[in-house]
Amino acid sequence: MLDQALLCSLNRKGIFPFPGEDKKAFFLRARRLSYRADWCNYAEDLGDLCPFQTTWDLRPDWIAVVEGELSFWQGAKTSSLGHIPLITLPKRLPWYGVSKKELFLHESIHSVRWWFPLEDIEEVLAYHTSPSLWRRKAALMCTTRSHVMICLSLVCLGCFLDSFLFMYPSFLWISLSLFIKSFLMCFLLLRLRFSLKVNQIYDRYLCNMADLLGQGFPARALSLRLTKSEMQRFACWNTSKEHLICWVQKQAKGDLRWFFLYSCYVRSRCCLR
């Protein structure tokens, strides 16, 4: 029988099973994730992180953090340092004006989900640490290097055509310039639409969990430990709270990750009406 206090302690540190991980593999990984001062020192330097730690039920004091040089389009990044995630923060603030605290919290979300399959919902979770509504809603507009390069290429090509048009005005150059600008606008609008669609899944999940399990239920903390398909299931859940708890209990019997989630979040709701 697994010790409840041990499970809650590991979960609070952001050490929880990823999908399909068995008991032996998980506890072997947990033993290797030893305490490091990096994350805690940065957390202290960046001010009060209690709202973040409370909302996400998270204090990952095993993550490595360094400052280093990044590509011009990167605010920060998470990579691998042996068997642990490594957060690289910029030595200077990015040109688009995001604070180091926001970057640090954003990458902390990616770090604790390092062993999860990469899904678009993870980027939404990471951006939900931001105080900016725009950044939360537009989280998936430009998430990869290829997205950034497409936008920059179209902007540079548009500027080149505009300068060529200034010297050699003709209908052909006007048409090409308008086509490039229209293509860029369509690309950004499609990415924004996709981002809003994924955000809608997350917003429905939060509302549904609050309705089913009460306003005080830590739905954001639970979402950090779920896959996109599981969030979609809870977002569309249309039966009672009792059916939801029974479903989670059934999953917990055969899956270590769900046993964690049931023990840390759902069990306390069984006696509430």
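These legends accompany close-up views of a predicted model. Local features need pLDDT of at least 70 and side-chain atom pairs 80 or more, while totals for chains, interfaces and linings use all residues. Residues are numbered from 1 along each chain as its sequence is written, and side-chain values use heavy atoms, leaving out hydrogens and water.

**View 1. Helix α9 crosses helix α11.** Here the axes of α9 (residues 171–213) and α11 (residues 228–235) come within 8 Å and cross at roughly 55 degrees. Look for residues in contact (heavy atoms within 4.5 Å): Val198, Ile201, Tyr202, Arg204, Tyr205, Asn208 and Met209 of α9 meet Lys228, Met231, Gln232, Phe234 and Ala235 of α11.

**View 2. Phenylalanine 16 pairs with phenylalanine 116.** The whole structure holds 13 aromatic pairs (ring centres of Phe, Tyr or Trp, its six-membered ring, within 6.5 Å). In this one, the centres are 6.0 Å apart and the planes lie at 80 degrees, so the pair is edge-to-face (planes over 60 degrees apart). Phenylalanine 16 sits in the loop between α1 (4–12) and α2 (23–32), and phenylalanine 116 in the loop between α5 (100–112) and α6 (120–127), so the pair ties together parts 100 residues apart in sequence. Phenylalanine 16 is buried at 4% relative accessibility (the cut-off is under 20%, with a 1.4 Å probe and protein chains only), and phenylalanine 116 is buried at 7%.

View 3. Phe234, Trp237, Trp247 and Trp258 form one aromatic cluster.

Conventions: Axes are lines fitted to C-alpha atoms, for helices over the stretch in contact, and angles run from 0 to 180 degrees between N-to-C directions. Helices (H or I, at least four residues) and strands (E, at least two) are DSSP runs, numbered from the N terminus. A crossing is left-handed if the near helix is turned anticlockwise from the far one by less than a right angle, and right-handed if clockwise. Rings of Phe, Tyr and Trp (its six-membered ring) pair if their centres lie within 6.5 Å; planes under 30 degrees apart count as stacked, over 60 as edge-to-face and the rest as tilted. Buried means under 20% relative accessible area, exposed over 50%, partly exposed in between (1.4 Å probe, protein chains only).
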